[in-house]
Amino acid sequence: MTSARAPWMATATRVLPARISSRLSLLIGLTILSMLLLLGWMYHQRYASQRSQALQSEVEVAQGVATTFAAYIRDIHRQSITLGSAVLALSHHEGAADRLLASTVSHYEGISNISWTSPSGHVLASSEPNAIRGYFGDRPYFHEVAGGRDWAISALLPQGRITGRPVFVVATGIRDKRGQLLGLMIFGIEPTRLGDVLLTQRRAEGRSYSLFDGNGVLVYRNPEVDLTWELRTGWHDADPVMVRALQGQPATGEIVSIITNEHHLAARVPISELGWIAGASRPVETALAPIRHALTMDIMLTSLFTAISLGLAAFIGRSIAVPLRRLQEDVQAFAKGDLSHRADVSGPEEVIRVADGFNRMAGEIHTFQETLDARVRQRTSELETSNRELESFSHTVAHDLRSPLRAMDGFSRYLLRHYAERLDDRGKDYLNRIQAAAQRMGRLIDDLLGMVRISRTTIRMQMLDLSAIAADIVAELRRSDPQRQVSVEIEPGMKAPGDKELLRLALSHLLENAFKFTKNRGDPRIRVGVTRIKEQTAYFVQDNGMGFDMAYADKLFLPFHRLQQDDTIPGTGIGLAMVQRIIARHGGRVWTEGEVGKGATFWFTLGETT
Amino acid sequence: MKEPVILLVEDNPDDEELTRLALEDSNVANRLFVVRDGQEALDWLFCEGVHSGRDPCFTPTVVLLDLKLPKKSGLEVLEAIRKKEYTRRLPVVILTSSKEEQDVLRGYNLGANSYIQKPVDYAQFLEAIRQLGVYWMVLNEPPPHCA
């Protein structure tokens, strides 16, 4: 009975691991892996969205800074125009303009000094007395305003002419109704004082905001720190986000602050009318702390659930794999010969059914085996009984049949020796015949007992060198009849398992026969060898003697059956019967081929299983 | 010197006669005593039963013992001989038709001095008895007895 198998089964067998437990592990592993990949992607999305949200809030803060600062600068511009009109009006009062400017400075947040210059750049009035008669006509912002612009803002200067500290300037041109430049109102602003202006901005934890001038130099930073000139100018190289913003578009990204050396999420927004940049940033740590915390919790929970799932999966997997393995071990134990072994009936339903089926089958095999064993025991005991009977019978034969023979032999001899003169030749002849018959019967009895003994002896198997045994027998035969010249050829290296005594006996009967039946040949030749016949190793003893008629081939192996009536050839006709028994006891077969006058070949095989 | 005597334990009258003829031919035994079963053999040796009047010091030089005997088997006789103190060393030769390995082994195990299978061929039988007579009657020095 065969069942159709889907082609995918073959593929599965080739690709998947062989063991069920491995396949289950693979199944669980793949399921959990895909779950983890999905979770990982979701976490990544959440993290990325949180990050972009954080960046967006920095942009908003930066825009706030930008708006505030731009408004501040516009306010300064308006104040400048007002102040300019006032200063022009006061131009005939010595020192009045200076006082007005100084008073304005004191009331104005973030302003360091205010100066009024002529259209050629000479300071006419200033809040700082030492600035008077100074000259600003060489400044770029001066040229911008002189060139026609309403106002201009300078980059941050490392050292202001008036304060000697970093400063930037907002210069406003004061013109009459025809546009003629009457003078410039110049506000000097020290960045350190901008805090009050810009403090309107909400301060989140760890957040800093900043202002860069048109050259990317840090003008102001909050929280305020001592800024060396290097810390102000180093941003152009360290802050790529700011550099991008200088192109005119808001930019966001991650930077490393050259002040704190921390990673920051930063937004840089251009202040369009000034060409400056407003920035806001927070350390990555603080900005992403909530999401990181949440993710850590999520990952811990996920790991916990994954571990629990793995544990459960392993438990369930074992509940499938372990009963199967146990069943396999049980089947193996049974197969190894422990017929009373039964499978453990537990586990998944299918396994229980298989185990149940196996147990029923095993029970039947066991019962069958026991019946068979009992039968074998009975037969063996019967055989042993019959062997004992045979033994006792042969004992009787040995003892009892011999005595009368000896008497016949002995008394006929005695008669011939001591009473010869009273017997005629005929009487003597009869006595001789009695004697010969008695001797012959003695030999028959001996042979018969020999046959019985072959059946009785236990076979002791060992590896035999048949070539050496044959050579030994031939040497013995040559010694017993030194006159005879027989050519004997024995194939070397014939090795086979067998009982040494019995195979020697069989070979010696075959070789004796070969010697005997080549007696009347001029060139007697005997060959002992081996060949393959029908997948079997067959040994043979071949002679070129008198041979026999194949019609009688089967009768050759019957006990006491002789084909030839030639009295010159001795023998009881028991030899081949013995050979056949010996070969049969080795699980082999013996047969013969012959032709009258040409010779005979005797073949035998030995059981291949032993 | 004591007269050499052979005790033949043999139930077959043919074999008895053949043995007697063989011994006569080889001129070794002056006297041959024959008993025909195992029990009689023991009675003769131990001077019991019908042989109770016999002189116990009159012991054979050698016992020729058949195995298959009426009443008591040859091996039983041998066992009894070896148990009795004054026959313990008596030379016993088993002379039987059997050459079964078992019989040979048991014979020697019980203390037989020799085991000879009666040859079927009378000529060989004659030769065997002759050699046996020469060896045990002439060459062999029997154990001292009733000195």
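How many helices and strands are there in chain B? Chain B has five helices and five strands, where helices (H or I, at least four residues) and strands (E, at least two) are DSSP runs, numbered from the N terminus. The views below come from a predicted model, in which local features need pLDDT of at least 70, side-chain atom pairs count only at pLDDT 80 or more, and totals for chains, interfaces and linings use all residues. Residues are numbered from 1 along each chain as its sequence is written, and chains are lettered from A and ligands numbered from 1 in the order in which they are written.

**View 1. The two chains in outline.**
Along the sequence, the elements of chain B follow the pattern β-α-β-α-β-α-β-α-β-α. Of the 147 residues in chain B, 37% are buried; a residue is buried if 20 or more other C-beta atoms lie within 10 Å of its own, exposed if 12 or fewer, and partly exposed in between, with C-beta atoms placed from the backbone. Chain A has 15 helices and 17 strands, and 29% of its 610 residues count as buried. Two residues are in contact if their C-beta atoms, placed from the backbone, lie within 7 Å.

**View 2. The side of chain A that touches chain B.**
Here 14 residues of chain A are in contact with 16 residues of chain B. On the side of chain A, the elements giving two or more residues are helix 10 (349-400), helix 11 (402-418) and helix 12 (425-456). Helix 11 of chain A gives the most, with nine residues. By class, this side of chain A has four nonpolar, six polar and four charged residues; Ala, Val, Leu, Ile, Met, Phe, Trp, Tyr, Cys and Pro count as nonpolar, Asp, Glu, Lys and Arg as charged, and the others, Gly among them, as polar.

**View 3. An open sheet of five strands in chain A.**
The strands of this sheet stand in the order 7-6-10-9-8 (chain A), and the pairing is antiparallel; two strands pair if DSSP finds at least two bridges between them. Strand 7 and strand 8 (251-256) of chain A are the edge strands, each pairing on one side only. On average, neighbouring strands of the sheet are turned by 25 degrees against each other, direction ignored.

**View 4. Strand 6 of chain A and its partners.**
Strand 6 (residues 208-212) of chain A is mostly covered, with five of its five residues buried. Ser208(A), Ser210(A) and Phe212(A) point one way from the strand, while Tyr209(A) and Leu211(A) point the other way. With strand 10 (residues 276-283) of chain A, strand 6 of chain A pairs in the antiparallel sense over five bridges. In strand 10 of chain A, Ala280(A) is the bridge partner of Tyr209(A), and Gly279(A) stands opposite Ser210(A). Strand 6 of chain A also pairs with strand 7 (residues 218-222) of chain A, in the antiparallel sense over four bridges, and Phe212(A) stands opposite Leu218(A) in strand 7 of chain A. The hairpin of strand 6 and strand 7 of chain A has five residues between the strands, and in this hairpin Gly216(A) takes a positive phi near 85 degrees.

**View 5. Helix 2 and helix 9 of chain A with the sheet.**
Helix 2 of chain A lies across strand 6, strand 8, strand 9 (263-271) and strand 10 of chain A, running at about 40 degrees to strand 9 of chain A. Helix 9 of chain A packs on the sheet, touching strand 8, strand 9 and strand 10 of chain A, and its direction makes about 55 degrees with that of strand 10 of chain A. The axes of helix 2 (residues 20-89) and helix 9 (residues 284-335) of chain A come within 10 Å and cross at roughly 170 degrees; axes are lines fitted to C-alpha atoms, for helices over the stretch in contact, and angles run from 0 to 180 degrees between N-to-C directions. Helix 2 and helix 9 of chain A are therefore roughly antiparallel to each other (angles under 35 degrees count as roughly parallel, over 145 as roughly antiparallel, 65 to 115 as roughly perpendicular and the rest as oblique). The residues of the contact of helix 2 with helix 9 of chain A divide into 17 nonpolar, seven polar and three charged.
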